[in-house]
Amino acid sequence: MKELSHLAEGVHASTTLAIDTLFKQMRADGIDVIGFGAGEPDFDTPDHIKLAGIKAILDNKTRYTPAAGMMELRQAACKRLKEDCGLDYKPTQIVAASGAKHNVYIALRCLVNPGDEVILPAPYWVSYYEMVNMVGGKPVVVTATEEHGFKMTAEQLDEAITPKTKALILNNPSNPTGMMYTKEELAAIAAVCIKRDIYVIADEIYYSLVYDGAKFTSFASLGEEVKERTILVNGVSKSYAMTGWRIGYAATNERLAKVMANYLSHSTGNPSSIAQWAAVDALAGEQSDIDDMRTAFEERRNYIVERMNAIPGVSCIKPQGAFYVMMNLEKLVGKTIHGAVIHDGDDFADLFLKEGLVAVVPCSGFGAPNFVRWSYATSMANIKEGLDRLEKFLA
């Protein structure tokens, strides 16, 4: 038989897959395991949003829509970006897709030519690296250390840019670190992007989940020159507990929005019409549910950070957004625990699940091999029990 696509065969499965598979098998076998891998809120989709989806079905709103999303959804996205971020976009500049992840992929498809370089500050979300490879680009990793708050500096960005650099992917607040760039830090990065003429895919899906009264700054709000070269990615999954509804959107310049819409029209077509109507209600309707989620996440974050830093051998810095904590394992590397040597986060995560009955995400696939990620998108009871088990596991 003829060979398969080299690009497709070069795509690697998620490094978290082995741990997740084992976790699910142990749970199916009746073992009392606790999971901290969830990348989604543990809250239910608000009732008014669910009812909007049900009404769409009952009203037979189940036909094709424009490939880039129906006008009502694009108008609602414009309204939300204006009210929350002070951004002015026209509906023709909005491209809806099947989740924010899909928007990142489509943006890369429409920007990157074979051999183009895309800069990824590490730790990065695991799919960014593979997506760049999937479109024939070259990922260029810039390591942002824990000492610098897991945030890339403008100087680091400038040094990483070459004549082949096409774009930067900037996730703010970040998955997996939960850290958030200040307005001043973003402005310095933006100045480099303008000077060196590169695009920015600004993934801001966690923008409403920031803590300690901090103010979020959207990258596209830093001036017209910045906005023109930004593909702002957002959606309803994290802010409204709608991960399974699969609605994301991108906001960008007219030319790129048209190219992205054309690409969608020949690949997936429109996202679910039913989910689109639910997303309209989410974006244009009552926003108080977000405050309730944010309050709960902040309480959990405070607890997990304080407890984790009190346990000998591990540590973390306090995240400013999203719902993740990066646990530093560097003091454990090279040590033997429960008869096994810990070389990196993969070893730790595997052993912690088998012996400690807790599933966490190893961060080798995020560009941070000596860390594991905990999600606090779970109950306070689970968080307390999980940390109790960590303490016992390391004792």
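How do the residues of the lining of the largest cavity divide into nonpolar, polar and charged? The views below start with this cavity.

This is a predicted model, in which local features need pLDDT of at least 70, side-chain atom pairs count only at pLDDT 80 or more, and totals for chains, interfaces and linings use all residues. Residues are numbered from 1 along each chain as its sequence is written, and side-chain values use heavy atoms, with hydrogens and water left out.

**View 1. The largest cavity.** A search of the whole structure finds one cavity of 30 Å³ or more. The largest cavity has a volume of about 120 Å³. Fourteen residues line the largest cavity, and the closest to its centre are Pro121, Pro123, Tyr124, Asn171 and Ser174. Strand E3 (117-122) and strand E5 (165-171) are the elements that give two or more residues to this lining. E5 provides the largest share, three residues. The lining of the largest cavity divides into ten nonpolar residues, four polar and no charged. On a 1 Å grid over the protein atoms alone, a cavity is a set of points where a 1.4 Å probe fits but cannot get out; a pocket is an open set with protein on both sides within 12 Å along at least five of seven lines; lining residues have an atom within 4 Å of a point. Grid points are joined across faces, edges and corners, and a volume is the space filled by probe spheres set on the points. Helices (H or I, at least four residues) and strands (E, at least two) are DSSP runs, numbered from the N terminus. Ala, Val, Leu, Ile, Met, Phe, Trp, Tyr, Cys and Pro count as nonpolar, Asp, Glu, Lys and Arg as charged, and the others, Gly among them, as polar.

**View 2. The largest pocket.** The space in the largest pocket comes to about 1,100 Å³. Its lining consists of 43 residues, and Gly37, Gly39, Lys101, Trp125 and Arg373 lie nearest the centre. At least two lining residues come from each of helix H2 (17-28), helix H5 (100-111) and helix H6 (126-134). H6 supplies the largest share, six residues. By class, the lining of the largest pocket holds 22 nonpolar, twelve polar and nine charged residues.

**View 3. The sheet of seven strands.** Seven strands form an open sheet with mixed pairing, in the order E2-E8-E7-E6-E5-E3-E4. Strand E2 (94-97) and strand E4 (138-143) stand at the edges with a single partner strand each, so one side of each is left without a neighbour in the sheet. On average, neighbouring strands of this sheet are turned by 20° against each other, direction ignored. E3 and E5 run parallel and are joined by three bridges; two strands pair if DSSP finds at least two bridges between them. Valine 118 stands opposite alanine 167 in E5.

**View 4. Loops beside the strands.** Asparagine 172 and proline 173 are joined by a cis peptide bond with omega of about -10°. Another cis peptide bond joins asparagine 175 and proline 176, where omega is about 25°. Proline 173 lies in the loop between E5 and helix H8 (183-196), and proline 176 lies in the loop between E5 and H8. Arginine 246 is found in the loop between strand E7 (230-235) and strand E8 (248-251). Its phi is near 60°, a positive value in a residue other than glycine.

**View 5. The sheet of three strands.** An open sheet is formed by three strands in the order E9-E14-E13, with antiparallel pairing. Strand E9 (324-328) and strand E13 (361-362) are the edge strands, each pairing on one side only. E13 and strand E14 (residues 371-375) run antiparallel and are joined by two bridges. Proline 362 stands opposite valine 372 in E14. Helix H12 (residues 288-309) lies across E9 and E14 and runs at about 5° to E9. Axes are lines fitted to C-alpha atoms, for helices over the stretch in contact, and angles run from 0 to 180 degrees between N-to-C directions.

**View 6. Two packed helices.** Helix H13 (residues 345-356) and helix H14 (residues 380-394) pack at an angle of about 100°, and their axes are 11 Å apart. That makes H13 roughly perpendicular to H14 (angles under 35 degrees count as roughly parallel, over 145 as roughly antiparallel, 65 to 115 as roughly perpendicular and the rest as oblique). Phe348, Leu351, Phe352, Glu355 and Gly356 in H13 meet Gly386, Arg389, Leu390, Phe393 and Leu394 in H14, where contact means heavy atoms within 4.5 Å. The residues of this contact divide into six nonpolar, two polar and two charged.
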